[in-house]
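This report walks through one protein chain. Keep the sequence and the 3D view open while reading.

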Amino acid sequence: MYFEPDRSGPPRRRTGVAGFFTRHVNGQLTVLLASYDRPGHRQDFWRLPGGDIQDDEFLHEAYAREVAEKTGLPIASSPEEILVVDHVPRGVTEAEGIDVVFKGGEIPLGIDIVPLTAPDDAEPETGATAYRWATLGETDTLCPGPERDRVHSAHEAWVTGRTAYLICGERFTARRLLQARPAIEDTTHRSAESSPSGD
C-alpha cells in the first residue's frame, strides 16, 4: 500500500460500486438500469444498479452485497472483471468519489430482477424503485451525462478487454484533464463558498 508518512489524515472519499449486466432481446443488446427515488433528485434518474461501499468492506464484497440487495441476482465472491474506474472530483458531487463498474455478465431471459426486502430500519433511499432493460441508444436519454458515459465506457471495456479510467464520466487523456481542471476547480471553489461550514 502506498502512503504519505507525513500526512496528518487521509482524504475523505466516497466509493461506489455498480454492475454492468446485459441481456439480448430480439437480437439487440440491452443493459440493466435502476431508478432511485431520492429526495431532491429526479425520479426518472436511471443508472447502473449498485451503491456505496461500507466501512472496512472490500470492493468485491460491496459489489456482491449491493447487487444482491438491489436486484436479487447472485454474484460470485470474486468479480470477473473491472470495466470502469471513474474519479468524480469534489465539487461535482457533495464529496470526492471513486465509482467502480464491474462486469456483471449476461442475464438470460426468464430471470427476474427481485430486490431483497430491506429491513425496517433501513434508509429510505437504499432501494431502487424501478428497473428496466435499455439499449445503448436509449441510455443516451435515460441516463444523466456522466452515467451515460460510464455505461458506454463499460460496454467498450467489455468488448476490448481494457479497463476504462474516467474523470467525471469522460475518458482520461492529458489534454482533457488540462481542459477540465479549471472548470473543476471553479466548481469546487463555488461549492466551498456556498457550504455553511466552508468545507
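A polar contact is a pair of N or O atoms within 3.5 Å; within protein, one must be able to donate a hydrogen and the other to accept it, and residues adjacent in sequence count only if both atoms are side-chain atoms. The side chains of histidine 87 and glutamate 96 make such a contact, at 2.7 Å.

This is a predicted model, in which local features need pLDDT of at least 70 and side-chain atom pairs count only at pLDDT 80 or more, while totals for chains, interfaces and linings use all residues. Residues are numbered from 1 along each chain as its sequence is written, and side-chain values use heavy atoms, with hydrogens and water left out.

**Around histidine 87**

Helices (H or I, at least four residues) and strands (E, at least two) are DSSP runs, numbered from the N terminus. Histidine 87 sits in strand β5, residues 82-88. Contact means heavy atoms within 4.5 Å. Leaving aside residues up to four places away in sequence, histidine 87 touches Glu96, Gly97, Ile98, Tyr165, Leu166, Ile167 and Cys168.

**Salt bridges**

A salt bridge is a side-chain nitrogen of Lys or Arg within 4 Å of a carboxyl oxygen of Asp or Glu. By this rule the count is 14.

| Residue | Partner | Closest N and O atoms |
|---|---|---|
| Lysine 70 | Glutamate 66 | 2.3 Å |
| Arginine 132 | Glutamate 138 | 3.6 Å |
| Glutamate 156 | Arginine 171 | 3.5 Å |

Buried means under 20% relative accessible area, exposed over 50%, and partly exposed in between (1.4 Å probe, protein chains only). Lysine 70 and glutamate 66 are both buried. They are four residues apart in helix α1 (residues 59-71), so about one helical turn separates them.

Arginine 132 counts as partly exposed because its relative accessibility is 29%. Glutamate 138 is also partly exposed, at 33%.

What about the pair glutamate 156 and arginine 171: which parts of the chain does it link? Glutamate 156 lies in helix α3 (residues 145-160) and arginine 171 in strand β9 (residues 170-171); these are distant parts of the chain, 15 residues apart. Glutamate 156 has 40% relative accessibility and is therefore partly exposed. Arginine 171, at 31%, is partly exposed too.

Some salt bridges share partners. They join Arg14, Asp52, Asp86, Asp99, Glu147 and Arg150 into one network.

**Helix α1**

The expected span of a helix is 1.5 Å times one less than its number of residues. For the 13 residues of α1 this gives 18 Å, and the end C-alpha atoms are 18 Å apart, so the two agree. Its buried residues are Ala62, Tyr63, Ala64, Arg65, Glu66, Val67, Lys70 and Thr71. The cover over them includes β1 (14-25), β2 (28-35), β4 (50-52), β6 (97-106) and β7 (130-135). Glycine 72 follows α1, and its phi is positive, near 80°.

**Nonpolar cores**

A nonpolar core is a set of buried Ala, Val, Leu, Ile, Met, Phe, Trp, Tyr and Cys residues joined through side-chain atoms within 4.5 Å. The largest has 18 residues; Phe20, Leu33, Leu48 and Val84 touch the most other members. At least two residues come from each of β1, β2, β5, α2 (136-142), α3 and β8 (164-167). With three residues, α3 gives the most to this core. A second, separate core has eleven residues, among them Tyr63, Leu73, Val100 and Phe102.

**Aromatic pairs**

Rings of Phe, Tyr and Trp (its six-membered ring) pair if their centres lie within 6.5 Å; planes under 30 degrees apart count as stacked, over 60 as edge-to-face and the rest as tilted. The whole structure holds two aromatic pairs. One of them is phenylalanine 20 with tryptophan 158, edge-to-face, at 5.5 Å centre to centre and 70° between the planes. Phenylalanine 20 is buried, at 0% relative accessibility, whereas tryptophan 158 is partly exposed, at 23%.

**Two loop residues with positive phi**

Asparagine 26 is in the loop between β1 and β2. Its phi is near 55°, a positive value in a residue other than glycine. Asparagine 26 is exposed, with a relative accessible area of 81%. Aspartate 56 is in the loop between β4 and α1. Its phi is near 60°, again a positive value in a residue other than glycine. Aspartate 56 is exposed, at 82%.
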